[in-house]
Amino acid sequence: MAADNRRTHRPRMTASQRREQLLTVSRGLFAEKGFEGASVEEIAVRAEVSKPVVYEHFGGKEGIYAVVVDREVQALTTALTGALGSGGHPKVLLERTALALLDYIESSEDGFRILVRDSPVAQATGTFSSLIGDVATQVEAILEPQFRSNGLATKAAPLYAQMLVGMIALTGQYWLDARSPGKAEVAAHLVNLAWNGLHNMEKKPELTRFSR
């Protein structure tokens, strides 16, 4: 009997190990069911601990969700700003940014599903839309000199930055489930539409009379 107990005994986790385990379990659950669909009870069951252990580490579902979201925001922000901050031709920067998002989706599917979901406890600085807004601000800085050199009004650069980043983000959400074609081809098509559209822009675009 004693030998059987020794065989089934599991080493006790340290506080930091338990915290990481709870975060891993919660991340998968939030991706699967969303914030509203997940519960502390189910987190505890999947982690094979009691509910008080979850409360002890995070204070509740809101606390653990906030940590999960913050980690994903930081990971995606690092990937996107790294692509934009590496220098080079604007078209190359656009290619790198599109690939950076698709790389993140491919390697962190659960994380991306969590980010694109709405949650009542998401903070203004911890949402996917706010992250995309931050990236758009960086893209704006890249577009302004390009607009200026092509005789285009720089006051429109913020609008076009939002359009470009929004297009990439929404395509990423589509590709999250479709996964076809491959990410390199998706990025190439994104850049084809965005770059060729920018390259041939009219200085004063107007709607055609047929659309009015």
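**Note on the pockets, cavity and core of a predicted model**

1. Four helices, α6 (90–107), α8 (128–149), α9 (157–178) and α10 (183–199), each contribute at least two residues to the lining of the largest pocket. Helices here are DSSP runs of H or I with at least four residues, numbered from the N terminus. A pocket is an open set of points on a 1 Å grid over the protein atoms alone, with protein on both sides within 12 Å along at least five of seven lines, and its lining residues have an atom within 4 Å of a point.

2. The model is predicted, so local features need pLDDT of at least 70 and side-chain atom pairs pLDDT 80 or more, whereas totals for chains, interfaces and linings use all residues. Residues are numbered from 1 along each chain as its sequence is written, and side-chain values use heavy atoms, without hydrogens and water.

3. The volume of the largest pocket is about 350 Å³, a volume being the space filled by probe spheres set on the points. This pocket is lined by 20 residues, of which P90, L143, Q146, W195 and L198 are the closest to its centre. Helix α8 gives the most to the lining, namely five residues. By class, 15 residues of the lining are nonpolar, four are polar and one is charged; Asp, Glu, Lys and Arg count as charged, and Gly is among the polar residues.

4. The second largest pocket holds about 190 Å³ of space. Its lining consists of R12, M13, T14, A15, R18, V53, E56 and H57. Helices α2 (15–37) and α4 (51–58) each supply at least two of the lining residues, and α4 gives the most, with three. The class count for this second largest pocket is three nonpolar, two polar and three charged residues.

5. The structure contains one cavity of 30 Å³ or more; a cavity is a set of grid points where a 1.4 Å probe fits but cannot get out. The largest cavity has a volume of about 50 Å³. Its lining is made of L80, T97, L101, I132, V135, V165, I168 and A169. Two or more of these residues come from each of α6, α8 and α9, and α9 gives the most, with three. Seven residues of the lining of the largest cavity are nonpolar, one is polar and none is charged.

6. I64 lies in helix α5. I64 counts as buried because its relative accessibility is 0%; buried means under 20% relative accessible area with a 1.4 Å probe, protein chains only. Apart from residues up to four places away in sequence, I64 touches L22, L23, S26, F30, I43 and F58. From C-alpha to C-alpha, I64 and E106 are 24 Å apart in space, and 42 residues apart in sequence.

7. An unreviewed UniProt entry lists residues 39–58 as "DNA-binding region"; such annotations may be inferred rather than shown by experiment. The span of residues 39–58 is 80% helix and 0% strand, and its end C-alpha atoms lie 13 Å apart.

How values were computed. Buried means under 20% relative accessible area, exposed over 50%, partly exposed in between (1.4 Å probe, protein chains only). Contact means heavy atoms within 4.5 Å.
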